[in-house]
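Dear colleague,

Please find the structure below, followed by a short account of what was found in it.

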Amino acid sequence: MSEYIIETEHLTKQYGAQKSVSELNLHVKKGRVYGLLGRNGAGKTTTMKMLLGLTKPTSGEIRLWGKPLQGNEKKLLPRIGSLIEAPGFYPNLTAAENLRIFAVLRGVPNRNAVKDALDLVGLPYRDKKLYSRFSLGMKQRLAIALAVMHDPELLILDVNCRIA
């Protein structure tokens, strides 16, 4: 078994003549926090989308837990929690109601998963406030709750950080 949870070899994504990601070799060990830093357009989001099977690489290889992603998506992707761009929440539902829908769709077996995820991010479980009335911070915390609700082994978060 590989010592790496994520490995890429010569990972490349090209849109026409424009290379978004070029020959990326990435090796991330289990238990590590790894950040992709770079300017807008550097290929960070594209890399994460390829790791999640949301876009296909032009060339190169992705291995997760030592197995090629291609052909093993159904086994590997459920082990990952992710937040890429903005998740689609129902504006007329509460945080708990939104998460319950995703829990059913994902087949999350833990009956306390919704409450546990909301507790983790500091959102109240029994709150009747609708998503449409959430502040930006509350929306971001709910998105993180969704990413961790199924207790993933790997967490991939695409977040914008501003340093003042």
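Thr-12 is part of strand β1, residues 4-15 (strands are DSSP runs of E with at least two residues, helices runs of H or I with at least four, numbered from the N terminus). The model is a predicted one: local features need pLDDT of at least 70 and side-chain atom pairs pLDDT 80 or more, whereas totals for chains, interfaces and linings use all residues. Residues are numbered from 1 along each chain as its sequence is written, and side-chain values use heavy atoms, without hydrogens and water.

Thr-12 is buried, at a relative accessible area of 3% (buried means under 20%, with a 1.4 Å probe and protein chains only). Its side chain reaches the backbone nitrogen of Glu-23 at 3.0 Å. Among the residues that Thr-12 touches, beyond four places in sequence, are Val-21, Met-50 and Pro-57 (contact means heavy atoms within 4.5 Å).

Residues lining the largest cavity include Ala-95, Ala-96, Leu-123, Pro-124 and Phe-134 (lining residues have an atom within 4 Å of a point on a 1 Å grid where a 1.4 Å probe fits but cannot get out).

With kind regards

Methods: On a 1 Å grid over the protein atoms alone, a cavity is a set of points where a 1.4 Å probe fits but cannot get out, and a pocket is an open set with protein on both sides within 12 Å along at least five of seven lines; lining residues have an atom within 4 Å of a point. Buried means under 20% relative accessible area, exposed over 50%, partly exposed in between (1.4 Å probe, protein chains only). A polar contact is a pair of N or O atoms within 3.5 Å; within protein, one must be able to donate a hydrogen and the other to accept it, and residues adjacent in sequence count only if both atoms are side-chain atoms.
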